[in-house]
Amino acid sequence: PGFGQTQIPPEAWNLDNYAKFVKSFLSKIEVKPYAIVGHSNGGAVIVRGVALGELLPSRLVLLAASGVRNSHKTRRFFVKIIAKIGKVLTIWLPITVRQSLQRRLYGTVGSDMLVAGHMRETFKLTVSQDVLADAKTIKNPTLLIYGTDDKATPIDGVGESLHQAIKGSQLEVVKGADHFVHNFDPKGVSSLIKEFLG
């Protein structure tokens, strides 16, 4: 909810709220999932939802999943500093020019903070939650798929951390793929998932 053309939540949501929504949605359509597949923030929602007991799939598939926040602490710190300095230096500019400059700044540092401006508070809440401790509680067979060129959720910072946290998980790396690994190599990713699901 709140992304694409879906209805905006009535208040700012965190990963817990999104996990409860997925649970309610699955219940509404009367589906007990064998596996749940999540990309990026959707992967973090799944990890959090399973840890909370809200989601009860047999297997998990995490595509370029996010949720390990420590690896980006330094970068986020500098982004905040630069953003604050930028606000002061550009306060005299028209708002449309300021917004354009903000988009360029966040795009340069790999943040999608401004992709959905109306969801800014929700974005802040979800990216502040670290699911690494939650990942350590997962017992489900889990497949993680990451791209070597993923700058949003790098394999060496996020993918490896989740792989180590989820005991017995399987990590697959797609060479040359960016954050949208499933778009980069749909057949390869589909094959990996089919093989994993049996």
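Strand β3 (residues 142-147) pairs with β4 in the parallel sense, over 5 bridges. Strands count as paired if DSSP finds at least two bridges between them. The model is predicted: local features need pLDDT of at least 70, side-chain atom pairs count only at pLDDT 80 or more, and totals for chains, interfaces and linings use all residues. Residues are numbered from 1 along each chain as its sequence is written, and side-chain values use heavy atoms, without hydrogens or water.

**The sheet**

The open sheet has 4 strands, in the order β1-β2-β3-β4, with parallel pairing. Strands β1 (35-39) and β4 (170-174) stand at the edges with a single partner each, so one side of each has no neighbour in the sheet. From one strand to the next, the twist averages 15°. Helices (H or I, at least four residues) and strands (E, at least two) are DSSP runs, numbered from the N terminus.

| Helix | Strands touched | Angle |
|---|---|---|
| α2 (residues 41-52) | β1 and β2 (59-63) | about 140° with β1 |
| α9 (residues 186-197) | β1, β2, β3 and β4 | about 165° with β2 |

Contact means heavy atoms within 4.5 Å. Axes are lines fitted to C-alpha atoms, for helices over the stretch in contact; angles run from 0 to 180 degrees between N-to-C directions.

**A salt bridge**

What does D16 form a salt bridge with? Its partner is R48, with the closest N and O atoms 2.9 Å apart. D16 lies in helix α1 and R48 in helix α2, so the pair ties together parts 32 residues apart in sequence. The rule asks for a side-chain nitrogen of Lys or Arg within 4 Å of a carboxyl oxygen of Asp or Glu. The count by this rule is 4 salt bridges.
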